[in-house]
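Here is a friendly briefing to read alongside the model. Please have the sequence and the 3D view open as you go.

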Amino acid sequence: MNLEPGLSNFSDVFRPPPQGLFLSFEGVEGSGKSTQITILEQHFKSLGHQVLLLREPGGTAFGEKLRATILGLDDAIDPLSETFVFLASRAQLLKEKILPFLQQPKAVVLLDRYVDSTLVYQGLAQKRPLEMIWALHQFAPLNTLPHATFFLDIDVETSLARQDSRGQAKDYFESRQREFQEQLVQGYRTIARLYSERIHRIDASQNENTVAASLQNVITARGWV
Ligand code: TYD
């Protein structure tokens, strides 16, 4: 498969920030991202790092307004319109929060969802080309890649069961058909294969401590702590 969809100079255009550590976390609803991010935050802090936790969409005043707008929609909008909302939130988050924070010594940004969510939710699950999504990201600050991405992988049954056990009202994406939820699971697995150098797939059906240990092993092995 083409590792650099549509952009022959992918690695010249898309780069991680030169300073600090920028990690993103991906997975379907119920995959345990927020639990793992909190555990990792403590791990980094205990080792003397400065840690900033953020989520997408959101994280800035503007982004939180966009979040409320898109997750509160009753009727589906065009996937390209969805894409622009997420990109607007992302550009502002990078400019206002992520890039300035990473200038500080021993800075770590832990981000709940990033570009791979757009590739999966707006791209693969809704049959929009990945080339288009990458092309829209090629201008600064959107051309910032994370140093690594952790994909917490669960199957669709586990995701639906964990959503039900939370008993919360379903948002714009959670209320979609099971077929869409299956496409998300498969979409993430495809993305993890396509970008296997950046994305670490972790079996998130295991218990919290085992998943946390797997994440920490990768972080130690890559020499980040
Ligand atoms: P959120 O409640 O943060 O989901 P979760 O708790 O599962 O992380 O809601 C964010 C929703 O927005 C989620 O369903 C995924 C979706 N999304 C996209 O479709 N595209 C994107 O680019 C991003 C960042 C999120």
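Leaving aside residues up to four places away in sequence, Pro-16 touches Leu-145, Pro-146 and His-147, where contact means heavy atoms within 4.5 Å. This is a predicted model, so local features need pLDDT of at least 70 and side-chain atom pairs count only at pLDDT 80 or more, while totals for chains, interfaces and linings use all residues. Residues are numbered from 1 along each chain as its sequence is written, and side-chain values use heavy atoms, with hydrogens and water left out.

**Around Pro-16**

- Pro-16 sits in the loop between helix H1 (10-13) and strand E1; helices (H or I, at least four residues) and strands (E, at least two) are DSSP runs, numbered from the N terminus.
- With 39% relative accessibility, Pro-16 counts as partly exposed; buried means under 20% relative accessible area, exposed over 50%, and partly exposed in between (1.4 Å probe, protein chains only).
- From C-alpha to C-alpha, Pro-16 and Gly-30 are 28 Å apart in space, and they are 14 residues apart in sequence.

- Strand E3 (residues 107-112) is mostly covered, with six of its six residues buried.
- Ala-107, Val-109 and Leu-111 point one way from E3, Val-108, Leu-110 and Asp-112 point the other way, and all are buried.
- E1 (residues 21-26) runs parallel to E3 and is joined to E3 by five bridges; two strands pair if DSSP finds at least two bridges between them.

**Helix H3**

- The buried residues in helix H3 (residues 61-71) include Gly-63, Leu-66, Arg-67 and Ile-70.
- Those buried residues fall within an arc of 105° when seen down the axis of H3, so they line one face of the helix; the arc is that of the directions from the helix axis to the C-beta atoms.
- Turned away from the buried side of H3 is a face that carries the exposed residues Ala-61, Lys-65, Ala-68 and Thr-69.
- What do the buried residues of H3 pack against? They pack against strand E2 (50-55) and helix H4 (79-101).

**Helix H7**

- In H7, the buried residues are Val-156, Ser-159 and Gln-163.
- Down the axis of H7, these buried residues fall within an arc of 65°, so they line one face of the helix.
- Asp-164 and Ser-165 are the exposed residues on the face of H7 turned away from its buried side.
- H8 is included in what covers the buried residues of H7.
- Gly-167 follows H7 and has a positive phi, near 65°.

**The largest pocket**

- The largest pocket has a volume of about 700 Å³. On a 1 Å grid over the protein atoms alone, a pocket is an open set of points with protein on both sides within 12 Å along at least five of seven lines, and lining residues have an atom within 4 Å of a point. Grid points are joined across faces, edges and corners, and a volume is the space filled by probe spheres set on the points.
- Its lining comprises 30 residues, and Glu-29, Lys-33, Arg-67, Arg-113 and Glu-174 lie nearest the centre of the pocket.
- Two or more lining residues come from each of helix H2 (33-46), H3, H4, helix H5 (115-123), helix H7 (156-166) and helix H8 (178-194).
- H5 gives the most to this lining, with four residues.
- By class, the lining has eight nonpolar, eleven polar and eleven charged residues. Here Ala, Val, Leu, Ile, Met, Phe, Trp, Tyr, Cys and Pro count as nonpolar, Asp, Glu, Lys and Arg as charged, and the others, Gly among them, as polar.

**Backbone points to check**

- Most residues other than glycine have a negative phi, and most peptide bonds are trans.
- Glu-56 and Pro-57 are joined by a cis peptide bond with omega about -10°, and Pro-57 lies in the loop between E2 and H3.
- Another cis peptide bond joins Ala-140 and Pro-141, with omega about 5°; Pro-141 is in the loop between helix H6 (130-136) and strand E4 (148-153).
- Lys-106, in the loop between H4 and E3, has a positive phi near 50° and counts as partly exposed at 45% relative accessibility.
- Arg-113, in the loop between E3 and H5, has a positive phi near 80° and is buried, with a relative accessible area of 14%.

Methods: On a 1 Å grid over the protein atoms alone, a cavity is a set of points where a 1.4 Å probe fits but cannot get out, and a pocket is an open set with protein on both sides within 12 Å along at least five of seven lines; lining residues have an atom within 4 Å of a point.
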